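These are my notebook entries on a single protein chain. I set down what I looked up, entry by entry.

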Amino acid sequence: MPHRGTPRRYRTTVTERRLLLLNGPNLNLLGTRQPEVYGVTTLAEIESRVADVAADAGLQVRAVQSNHEGVLVDAIQAARADCAGIVINPAAYSHTSVAIADALRSAGLPVAEVHLSNIHAREEFRHHSYVSAVADMVVAGAGPLGYEMAVRYLAGRLAQ
């Protein structure tokens with residue numbers, strides 16, 4: 001892993017104008033699952049807003065949500081062919097999945113990790129994220145706005 005002060009080089013080209021929006025387990029239940037923790041915004045609403053923010057930056061979005069780790073790994077590997085960056089909320093897999101972290105590392109794309117809640121203010125086991133070690137930026141606790149922040153961050157990185 002590169003030193004935090006050393007910018008990574010990415011293999012994106014001008015023709016790759018798509019972001020992968022990846023959401024992990026149970027995020028399909030947003031809006032109804034523990035609204036006191038995750039809010040009342042649905043995943044469909046988040047995906048729509050992300051698409052709007054990305055479009056403003058000249059980017060498209062491919063959204064994938066799965067409760068299955070292998071499906072998420074497959075989506076990350078597929079992104080290597082036609083995406084310029086990845087916005088990921090790995091949900092519970094943040095704290096358990098070396099496979100997702102390895103796939104992200106292998107993808108060679110900039111990664112923005114998003115958590116709706118502040119994982120550092122929750123249970124101890126949520127304080128560590130394997131994905132954070134490979135992410136270019138992490139936003140936690142900003143609710144759905146965190147996704148917009150991640151897209152804007154990646155758009156800025158890709159414009160450089």
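**Entry 1: The end of a helix**

I began with Ala159, which lies in helix H5. The model I am reading is a predicted one. Is Ala159 buried or exposed? I found a relative accessibility of 67% for Ala159, so this residue counts as exposed; the cut-off for that class is over 50%. I then looked up a distance from Ala159 to a residue elsewhere in the chain. The C-alpha atoms of Ala159 and Ala57 are 9.2 Å apart, although 102 residues separate the two along the chain.

**Entry 2: The whole chain**

I next turned to the overall layout. The protein chain has five helices and five strands. In sequence order, I read their pattern as β-α-α-β-α-β-α-β-β-α. Of the 160 residues in the chain, 44% are buried. Among contacts with a separation of 6 or more, 78% are between residues 24 or more positions apart.

**Entry 3: Two helices side by side**

I then examined a pair of helices. Two packed helices are described by the angle between their axes and the distance between the axes. What are these two values for H3 and H4? Helix H3 covers residues 69-82 and helix H4 covers residues 98-107; I noted an angle of about 5 degrees and axes 9 Å apart. Angles under 35 degrees count as roughly parallel, and H3 and H4 are therefore roughly parallel to each other. On the H3 side, the contact is made by Glu69, Leu72, Val73, Ile76 and Arg80. On the H4 side, I listed Ala99, Ile100, Ala103, Leu104, Ser106 and Ala107. By type, the residues of this contact are eight nonpolar, one polar and two charged.

Helix H3 also contains Val71. I found Val71 to be partly exposed, at a relative accessible area of 38%. The C-alpha atoms of Val71 and Gly24 are separated by 9.5 Å, and the two residues are 47 residues apart along the chain.

**Entry 4: Salt bridges**

Side chains of opposite charge can pair when their charged atoms come close. How many salt bridges does a search of the whole structure find? The search finds six, and I looked up three of them in detail.

The side chains of Asp82 and Arg18 form a salt bridge with an N to O distance of 3.0 Å. Asp82 belongs to helix H3 and Arg18 to strand E1 (residues 18-23), so this pair ties together parts 64 residues apart in sequence. Asp82 is partly exposed, with a relative accessible area of 27%. Arg18 is partly exposed as well, with a value of 23%. I also noted that Arg18, Arg62 and Asp82 are linked in a network of salt bridges.

Glu148 and Arg49 form another salt bridge through their side chains, at 3.2 Å from N to O. Glu148 lies in helix H5 (residues 145-159) and Arg49 in helix H2 (residues 43-56), so the pair joins parts that are 99 residues apart in sequence. Is Glu148 buried or partly exposed? Glu148 counts as buried because its relative accessibility is 13%, and the cut-off for buried is under 20%. Arg49 is partly exposed, at 35%.

The side chains of Asp136 and Arg157 also meet in a salt bridge, at 3.5 Å from N to O. Asp136 is in the loop between strand E4 (111-115) and strand E5 (137-140), while Arg157 is in helix H5, so the pair ties together parts 21 residues apart in sequence. I found Asp136 partly exposed at 21% relative accessibility. Arg157 is partly exposed, with a relative accessible area of 23%.

**Entry 5: The nonpolar cores**

Which residues of the largest nonpolar core touch the most other members? Of its 25 residues, they are Leu30, Val87, Leu116, Tyr147 and Val151. E1, H2, E4, E5 and H5 each supply at least two residues of this core, and the largest share, six residues, comes from H5.

I followed Tyr147 further. Leaving aside neighbours within four places in sequence, Tyr147 is in contact with Leu21, Asn23, Leu27, Ile46, Val50, Val87, Asn89, Val114 and Leu116.

Conventions: Residues are numbered from 1 along each chain as its sequence is written. This is a predicted model: local features need pLDDT of at least 70, side-chain atom pairs count only at pLDDT 80 or more; totals for chains, interfaces and linings use all residues. Side-chain values use heavy atoms; hydrogens and water are left out. Axes are lines fitted to C-alpha atoms, for helices over the stretch in contact, and angles run from 0 to 180 degrees between N-to-C directions. Helices (H or I, at least four residues) and strands (E, at least two) are DSSP runs, numbered from the N terminus. Angles under 35 degrees count as roughly parallel, over 145 as roughly antiparallel, 65 to 115 as roughly perpendicular and the rest as oblique. Contact means heavy atoms within 4.5 Å. Ala, Val, Leu, Ile, Met, Phe, Trp, Tyr, Cys and Pro count as nonpolar, Asp, Glu, Lys and Arg as charged, and the others, Gly among them, as polar. Buried means under 20% relative accessible area, exposed over 50%, partly exposed in between (1.4 Å probe, protein chains only). A salt bridge is a side-chain nitrogen of Lys or Arg within 4 Å of a carboxyl oxygen of Asp or Glu. A nonpolar core is a set of buried Ala, Val, Leu, Ile, Met, Phe, Trp, Tyr and Cys residues joined through side-chain atoms within 4.5 Å.
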